[in-house]
Amino acid sequence: MVKRSVLVAFLLVGLVLFSLAAGGCEPEEEEPEVDQEALVAINNYVEEISALLPEVKIDLQGWSRDPHSEDDMPFEYDQERREWLLEHKEELEAVREEHLDAEFPEEEEIAAWDVIIVRGDREWQLDGEEWLAALERLEDLVDEVMDVISMILAEEGELDREQSERVLELIEVIEPEIEAVRAVIFRS
């Protein structure tokens, strides 16, 4: 009986020590879950914005110039072209208003994502920091497009050389920036 008591006491002490040791360990960090609605919100936003921007590029390229100038600068945009650019600006604003609402995830939430994504037979690691950087890149592009359109409208289509160069620089980066963003978001 004494042996049993000693054995039971020894086991209890062991369990207590094990419990204390286990209690001192830090719990494993759980990977943040990705809200499917948040993913869909980002996908829809990127899809719509990236579909609109090439159309804007076409109308930004629709300048005219002084027939006696040695090069294409400075640019002039006629009334019809300015109206089209204004429509593009309003469309971009509407897409932002529609998608960047309460359903769109916060930056902190996106940055914390680190999960495996499966689409069809493809599988890859979704890096939230990388997605956030791509979204910021897209937002910078949209901001620049809207700023350039506002500049063209404010100048009533009569740009100087510096403004024309800004338009040219924007035209050159629209498609590569869209491709870079889509490569991160859609792995395309």
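Let's begin with a term: buried means under 20% relative accessible area, exposed means over 50%, and partly exposed is in between, with a 1.4 Å probe and protein chains only. What you see above is a predicted model, where local features need pLDDT of at least 70, side-chain atom pairs count only at pLDDT 80 or more, and totals for chains, interfaces and linings use all residues. Residues are numbered from 1 along each chain as its sequence is written, and side-chain values use heavy atoms, with hydrogens and water left out.

OK, aromatics. The structure has 2 aromatic pairs, meaning Phe, Tyr or Trp rings (for Trp, the six-membered one) with centres within 6.5 Å; planes under 30 degrees apart are stacked, over 60 edge-to-face, and the rest tilted. One is Tyr 45 with Phe 104, edge-to-face, at 5.7 Å centre to centre and 80° between the planes. Tyr 45 sits in helix H2 (residues 36-60) and Phe 104 in the loop between helix H3 (79-99) and H4, so this pair ties together parts 59 residues apart in sequence. Helices here are DSSP runs of H or I, at least four residues, and strands are runs of E, at least two, numbered from the N terminus. Are those two rings buried or exposed? Tyr 45 and Phe 104 are both buried.

Then there's Trp 113 with Trp 131, also listed as edge-to-face: 6.1 Å centre to centre, 70° between the planes. Trp 113 is in the loop between H4 and strand E1 (114-119), while Trp 131 is in helix H5, 18 residues apart. Trp 113 is buried at 1% relative accessibility, and Trp 131 is buried with a relative accessible area of 1%.

Now the largest pocket, with about 170 Å³ of space. A pocket is an open set of points on a 1 Å grid over the protein atoms alone, with protein on both sides within 12 Å along at least five of seven lines; lining residues have an atom within 4 Å of a point. The volume is the space filled by probe spheres set on the points, which are joined across faces, edges and corners. Which element gives the most to this lining? H5 does, with 4 residues.

Last stop, Glu 136, which is in helix H5 (residues 128-154). At 38% relative accessibility, Glu 136 counts as partly exposed. Its C-alpha atom is 9.7 Å from that of Glu 107, 29 residues apart along the chain.

Terms used:
1 Å grid on protein atoms, 1.4 Å probe; cavity = no way out; pocket = protein on both sides within 12 Å on 5 of 7 lines; lining within 4 Å.
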